[in-house]
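Please consult the sequence and the structure while reading.

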Amino acid sequence: MQNIKVGLLGFGTIGTGVVRAFQKNPGLLASRLGARLELVRIADLDTTTDRGVQVAPGLLTDDAHTLLNDPEIQIIIELIGGYEPARTFVLQAIRNGKHIVTANKALLAKHGEEIFRAAEEAGVNVMFEAAVGGGIPVISAIKENLGANDFSAVYGILNGTCNYVLTRMDEEGEDFADVLVEAQRHGYAEADPTFDVEGIDTAHKLALLISLCFGTKVDFDQIYTEGISRVTALDIEYARDFGYKLKLLAIGKRDGEQIEARVHPTMIPANYSLSSISGVFNSIRLVGDFSGPVMLSGYGAGMLATASAVMGDVLAVARDLRTNTSIRVPAMGCPQSQLKSCTIKPMDQLVTSYYLRFNVKDQPGVLAQIAGILGKYDISIESMIQPHRHEAEAVPIVFMTHVAEERSVAAAVAEINRLDVIQEEALLIRIEENLE
Ligand code: HSE
């Protein structure tokens, strides 16, 4: 039986899951592949921490170059994360003719073009199923099974940490900071959890999904990105009172020649299927012209689910190697030369309805002042609550608006924020009721 040798860069949470997958089912993998998969080297700067898995002496090194320059290793799994040194190592591995399997969405969202081009020139695969949606096979679904569709939308919940935090705040009324610590303990969060809570991780993933679905290059920095750090358990409670759930959504939509690309906390009707996605689960909805809507859900983070996606890619590359095929499916679903530029729709042109929470001094005339400014900008109020809840001197007033243009809402909120009675900058949350 042929032996296919694999090297692993990065022995953190997901790396540990991958080592477990190699160890748990070697016979199953070999019988599915018709060849033996052998993990021959692991590189990590930390060679001493006990990860709870046994590795043979000599397997672990702190020098990535011993893997990158080993002519016997055909597949490199990159699980270091972040931009550098991951970018340098991946490019070097590609130059050395090695196929890449990575979970690194940050790297691909920023440096994808350079990496995919280098891989195309070298005739090697770059696979990244684990970069989006943890264990959910969404990348291969877009590239292969749904490959004949013209997509009009891709959207969903793409960050397990945020969904876990929002769910716990919703169900238990717990504080944001406490739940985040728990998510970190479970191994869901990025090394820098601000990537999760500020929506950056979600935007990295959305950039990849938009490129894959719409065949476009996306400038990651153009994706409007807002996280969940200002959302309170009270906002989630008010959302519930109005019949909504609060989720951090990634939204990619075609709008004529433009593409909407945005990540932000979003209120969606409680009876939407996305509303029932709780905890660390992710869910991605793809809308194709032939398939119609397809929804894929599963664990969006965590050691084992993400290792499952990594191993699926390793198997796919190994199958190509076994049959002497290379790049059966291009990294972005089409040759790099076919990717087009795209124009991202400016956020101020967005038209939707809004949840607006103002924390104000509890005194006569405040409500009239705020309503007056909203009216001046032609923003119509659908409903309003003033809960009997004081936070020190401040009291919240919450408005739900009818559909309005973001430009007007932003201008009205800026003017309201300047009023003397405002105790804290307003919170604006977009409402989506018309997702396909
Ligand atoms: N930190 C990420 C999440 C891990 O919470 O979803 C998977 O990319």
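**Questions on a predicted model**

Ala35 lies in the loop between helix 2 (26–33) and strand 2; helices (H or I, at least four residues) and strands (E, at least two) are DSSP runs, numbered from the N terminus. This is a predicted model, in which local features need pLDDT of at least 70 and side-chain atom pairs count only at pLDDT 80 or more, while totals for chains, interfaces and linings use all residues. Residues are numbered from 1 along each chain as its sequence is written, and side-chain values use heavy atoms, with hydrogens and water left out.

Q: Is Ala35 buried or exposed?
A: Buried means under 20% relative accessible area, exposed over 50%, and partly exposed in between (1.4 Å probe, protein chains only). The relative accessibility of Ala35 is 0%. Ala35 therefore counts as buried.

Q: What is the C-alpha to C-alpha distance between Ala35 and Ile4?
A: Contact means heavy atoms within 4.5 Å. Leaving aside neighbours within four places in sequence, Ala35 is in contact with several residues, including Met1, Ile4, Leu29 and Arg322. Ala35 and Ile4 are 31 residues apart in sequence, and their C-alpha to C-alpha distance is 7.0 Å.

Q: What is the order of the strands in the open sheet of six strands?
A: Two strands pair if DSSP finds at least two bridges between them. Strand 1 is joined to strand 2 (residues 36–43) by seven bridges and to strand 4 (residues 73–78) by five bridges, and strand 4 pairs with strand 5 over four bridges. The pairing in the sheet is parallel, and the order is 3-2-1-4-5-6.

Q: Which strands stand at the edges of this sheet?
A: An edge strand here has a single partner strand, so one side is left without a neighbour in the sheet. The two edge strands are strand 3 (60–61) and strand 6 (126–127).

Q: Why is strand 1 (residues 3–9) largely enclosed by the rest of the structure?
A: Within the sheet, Gly7 stands opposite Arg41 in strand 2, and the bridge partner of Lys5 in strand 4 is Ile73. Strand 1 is largely enclosed because the number of its seven residues that are buried is five.

Q: Which residues cover the two faces of strand 5 (residues 99–102)?
A: Thr102 of strand 5 has Glu78 standing opposite. Both faces of the strand are covered, and the residues concerned are all buried. On one side they are His99 and Val101, and on the other Ile100 and Thr102.

Q: How many residues apart in sequence are the parts that Arg230 and Glu424 tie together?
A: A salt bridge is a side-chain nitrogen of Lys or Arg within 4 Å of a carboxyl oxygen of Asp or Glu. Arg230 forms a salt bridge with Glu424, the closest N and O atoms being 3.7 Å apart. Arg230 lies in the loop between strand 8 (224–225) and helix 11, and Glu424 in strand 18 (residues 422–431), so the separation in sequence is 194 residues.

Q: Which residues are linked with Glu260 and Arg262 in a network of salt bridges?
A: The side chains of Glu260 and Arg262 meet at 2.7 Å, N to O. Glu260 is buried, with a relative accessible area of 8%, and Arg262 counts as buried at 1% relative accessibility. The network also holds Asp255, Lys345 and Glu432.

Q: What percentage of the residues of the protein count as buried?
A: The C-alpha trace spans about 80 × 45 × 35 Å along its principal axes. Of the 436 residues, the share that counts as buried is 55%.
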